[in-house]
Amino acid sequence: MLDLATVFLALGAFLLGPHWLLGAIRQADQCEAAGDPLGALAWTLAAVLGSYAVALAFLVLVIQAARHGFAA
């Protein structure tokens, strides 16, 4: 049951993550255009960390698929 919850959570992060990343990048651009370099840096850092989270979610999906494939 825990494996299924893990897969659904990773799939949700993998599917919704890019939409959130696009919003974070747009927010960083708006902060830069408004003359707020600290806000732009914070949103850029959030986008970088978010991309790591999306990559980790993909890795979890691959590992779970491999575990299921080898168990069968």
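Hi everyone, let me begin with a term we'll need: a crossing of two helices is left-handed if the near helix is turned anticlockwise from the far one by less than a right angle. Keep that in mind while we look at this predicted model.

What is the chain built from? The protein chain has two helices and zero strands. Its radius of gyration is 16 Å, while the globule rule gives 11 Å for 72 residues, so the chain is more spread out than a compact globule. You can see that in the C-alpha trace too, which spans about 55 × 15 × 15 Å along its principal axes.

Now for the two helices themselves. H1 covers residues 2-33 and H2 covers residues 37-71; their axes come within 8 Å and cross at roughly 160°. Because of that angle, H1 is roughly antiparallel to H2. And here is our opening term at work: H1 passes H2 in a left-handed crossing. What kinds of residues make up the contact of H1 with H2? There are 21 nonpolar, eight polar and three charged ones.

Let's zoom out to contacts across the chain. Among those with a separation of 6 or more, 68% are between residues 24 or more positions apart.

Is Gln64 buried or exposed? Its relative accessible area is 14%, and the cut-off for buried is under 20%, so Gln64 counts as buried. Setting aside neighbours within four places in sequence, Gln64 is in contact with Asp3, Thr6 and Val7. For the protein chain as a whole, 19% of the 72 residues count as buried.

Methods. Residues numbered from 1 in each chain as written. Predicted model: local features only at pLDDT ≥ 70, side-chain atom pairs only at ≥ 80, totals over all residues. Heavy atoms only, no water. Axes fitted to C-alpha atoms, helices over the stretch in contact; angles between N-to-C directions. Helix = DSSP H or I, 4+ residues; strand = E, 2+ residues; numbered from the N terminus. Parallel < 35°, antiparallel > 145°, perpendicular 65-115°, else oblique. Nonpolar A, V, L, I, M, F, W, Y, C, P; charged D, E, K, R; others polar. Rg over C-alpha atoms; globule rule 2.2 N^0.38 Å. Buried < 20%, exposed > 50% of the residue type's maximum accessible area, 1.4 Å probe, protein only. Contact = heavy atoms within 4.5 Å.
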